[in-house]
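Have your viewer ready and follow along.

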Amino acid sequence: MRLLVAEDEPLLAAQLKVALEKSGYVVDVAADGLDAEHQGLNEPYDLVVLDLGLPGRDGLTALRTWREAGRTMPVLILTARDNWHDKVAGIDAGADDYLTKPFHQEELEARVRALLRRVGGHATADIRCGPLLLDTRQSRVLLDDAPLDLTSHEYRVLAYLLMHQDEVVSRGQLVEHIYAQDFDRDSNTIEVFVARLRRKIPPGLIQTVRGLGYRLSAIPQ
C-alpha cells in the first residue's frame, strides 16, 4: 500500500514516515498544501494522512479539490484543532476519519489499517487466501500458519495481491503501489518479484492473466 503523509512539522513527518515504512507501507511526504494537493491529484495513493494546518494551502482545501476531481482514496485527518466544527468540516469535505494531536502512533496505524481494510472490502485485520494469511497488524504473511521469509518488496507485492485477491492487477498498478515517488521504478522487476514469490508459495496461487497482469486466487481459473 502506498501512502501520502501531508504534514509540515518536519520531526513528526519523519517519525510518521519511518513508523509507517516499518509497517510495510510505501510513504511519500508533502510539507505544504500545494504539494500535497498536486500529489493527491496525480499519484495513485491508497490512503492519505492529512494535516489540516498546512502552509501554502490548508488541508481542507486540498481535500475538497481531491474529492471534486473524483479522487476517492481514504483520508485520515490530523489536526491540532480541538474545535468540533473543524472535525465536522473535515468529514463533510470527504475525510474518512480524524485524529487530534497529540496522538499515539499505534492508534494512527490501527486507523490506517482499518481504512485500508474497508476500501478492500475486508472486515478483519487477518486477510486469508487459501493457505496464505496476511497479518496486517504485524505486517507479515503466513503460509500454513508459519511466517514467510520475504524481502520488503516481495512483501509489498504479495500484500497488495492479497488485499486485491481474485482481481486482475497489472504490472503498472504494482509499480505505482510498491515504490515511492522518488524511487527509480522499473516494471520489469515486478516479474522478478513474482517469480520469487511463486517459489515460496504453493503453485497456482499467483496466476498470470496474459496481457493484463496477475491474479492471486485460491480458486483455479
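## The nonpolar cores

The largest nonpolar core holds 48 residues, and Leu 108, Val 112, Leu 132, Val 141, Leu 158 and Leu 216 touch the most other members. A nonpolar core here is a set of buried Ala, Val, Leu, Ile, Met, Phe, Trp, Tyr and Cys residues joined through side-chain atoms within 4.5 Å, with buried meaning under 20% relative accessible area (1.4 Å probe, protein chains only). Helix α6 contributes the largest share of this core, eight residues. Apart from this core lies another, of 18 residues, including Leu 52, Ala 62, Met 73 and Ala 95.

Beyond its neighbours within four places in sequence, Leu 108 is in contact with Leu 16, Leu 20, Val 49, Leu 76, Leu 78, Leu 99 and Phe 103; contact means heavy atoms within 4.5 Å.

A word on the ground rules: this is a predicted model, where local features need pLDDT of at least 70, side-chain atom pairs count only at pLDDT 80 or more, and totals for chains, interfaces and linings use all residues. Residues are numbered from 1 along each chain as its sequence is written, and side-chain values use heavy atoms, leaving out hydrogens and water.

## One side of helix α8

Helix α8 spans residues 188-200, and its buried residues are Ile 190, Phe 193, Val 194 and Leu 197. They sit on the same side of α8 because they cover an arc of only 100° around the axis, taken from the directions from the helix axis to the C-beta atoms. These buried residues pack against α6, α7 (171-178), β11 (206-209) and β12 (213-216). Helices (H or I, at least four residues) and strands (E, at least two) are DSSP runs, numbered from the N terminus.

## The enclosed cavity

How much space lies in the largest cavity? About 150 Å³. A cavity is a set of points on a 1 Å grid over the protein atoms alone where a 1.4 Å probe fits but cannot get out, and lining residues have an atom within 4 Å of a point. Its lining has 15 residues, with Met 1, Tyr 25, Thr 136, Tyr 155 and Ala 159 nearest the centre. Helix α6 gives the most to this lining, five residues.

The largest pocket has a volume of about 280 Å³; a pocket is an open set with protein on both sides within 12 Å along at least five of seven lines. Among its 15 lining residues, Tyr 45, Asp 46, Met 73, Pro 74 and Val 119 are closest to the centre.

Conventions
Grid points are joined across faces, edges and corners, and a volume is the space filled by probe spheres set on the points. Buried means under 20% relative accessible area, exposed over 50%, partly exposed in between (1.4 Å probe, protein chains only).
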